[in-house]
Structure formats: C-alpha cells, structure tokens
Amino acid sequence: MADLNTVALTGRLTKDGELKYTQSGTAVTSFSLAVNRREKRGDTWEDAASFFDVTLFGRQGEAVQRYLTKGQQVAVQGELKQDR
C-alpha cells in the first residue's frame, strides 16, 4: 500500500504572492496562508491561527500570481513537505 500525503487548506493571504524564476526559467510562486480556527480555553472560545508557506511551480504559479493579493481568501490543495 502506498503512503498518502494530501492536504486542502482555505485561508487568507498574509502578503501578496511573489513570482520568481529559477536559472533554468521555471516559474516559482510563493505566498503565506493564514488559516484560522476556534479553540476552547476554559469557558471561552478564542481564535487561533496557523501559518503555512505555499509554493507553486511552473505555469500554474504564473497563472494565479496576479490574483494573490494580501487578505484575499484562497483555497489550495496539494501535499505537505516539512522543513526542519
């Protein structure tokens, strides 16, 4: 059986998306996504946020970069990669 690594997130951009190109000409678009949730602490509910760095490669990143403005709500689907 193969391992499965998929994730779907919906959140708001913390800054505008940034488009760069590698030396070989591949487009790389990156942005940060804030995903909010509610947590119960004692008798009250509090807002908490998790922040995720997202990277898109190739034509996909070029196509959406102009729509990636701070505060915009976006949904992404992909795989997670942990950097240590």
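Student: In this predicted model, which residues does Thr29 touch, not counting residues up to four places away in sequence?
Tutor: Close neighbours in the chain are left out of this list. What remains for Thr29 includes Val54, Thr55 and Leu56, and also Gly61, Glu62, Gln65 and Leu68.

Student: Does Thr29 count as buried or exposed?
Tutor: Thr29 has its place in strand E3, residues 27–41. A residue is buried when its relative accessible area is under 20%. The relative accessibility of Thr29 is 0%, so Thr29 counts as buried.

Student: Which residue's backbone oxygen lies 3.0 Å from a polar atom of the side chain of Thr29?
Tutor: The backbone oxygen at 3.0 Å from the side-chain polar atom of Thr29 belongs to Gly61.

Student: How many bridges join strand E2 to E3?
Tutor: E2 covers residues 18–21 and runs antiparallel to E3. The number of bridges that join E2 to E3 is 4.

Student: Which strand gives the largest share of the lining of the largest pocket?
Tutor: The largest pocket holds about 700 Å³ of space and is lined by 21 residues. Strand E1 (7–13), strand E4 (44–57), helix H1 (59–64) and strand E5 (73–78) each supply at least two residues of that lining. The largest share is 6 residues, and the strand that supplies it is E4.

Student: How many residues of the lining of the largest pocket are nonpolar?
Tutor: Nearest the centre of the pocket lie Asp53, Val54, Thr55, Glu79 and Leu80. Across the lining, 4 residues are polar and 4 are charged. The nonpolar residues number 13.

Student: Which residue's backbone oxygen lies 2.7 Å from a polar atom of the side chain of Asn5?
Tutor: Asn5 is in the segment before E1. Leaving aside neighbours within four places in sequence, Asn5 is in contact with Gly78, Glu79 and Leu80. The backbone oxygen at 2.7 Å from the side-chain polar atom of Asn5 is that of Leu80.

Student: How does Asn5 count in terms of relative accessibility?
Tutor: Buried means under 20% and exposed means over 50%, with partly exposed in between. Asn5 has a relative accessibility of 37%, so Asn5 counts as partly exposed.

Key
Residues numbered from 1 in each chain as written. Predicted model: local features only at pLDDT ≥ 70, side-chain atom pairs only at ≥ 80, totals over all residues. Heavy atoms only, no water. 1 Å grid on protein atoms, 1.4 Å probe; cavity = no way out; pocket = protein on both sides within 12 Å on 5 of 7 lines; lining within 4 Å. Points joined across faces, edges and corners; volume = space filled by probe spheres on them. Nonpolar A, V, L, I, M, F, W, Y, C, P; charged D, E, K, R; others polar. Buried < 20%, exposed > 50% of the residue type's maximum accessible area, 1.4 Å probe, protein only. Polar contact = N/O pair within 3.5 Å; in protein donor to acceptor, adjacent residues only side chain to side chain. Contact = heavy atoms within 4.5 Å. Pairing = 2+ DSSP bridges.
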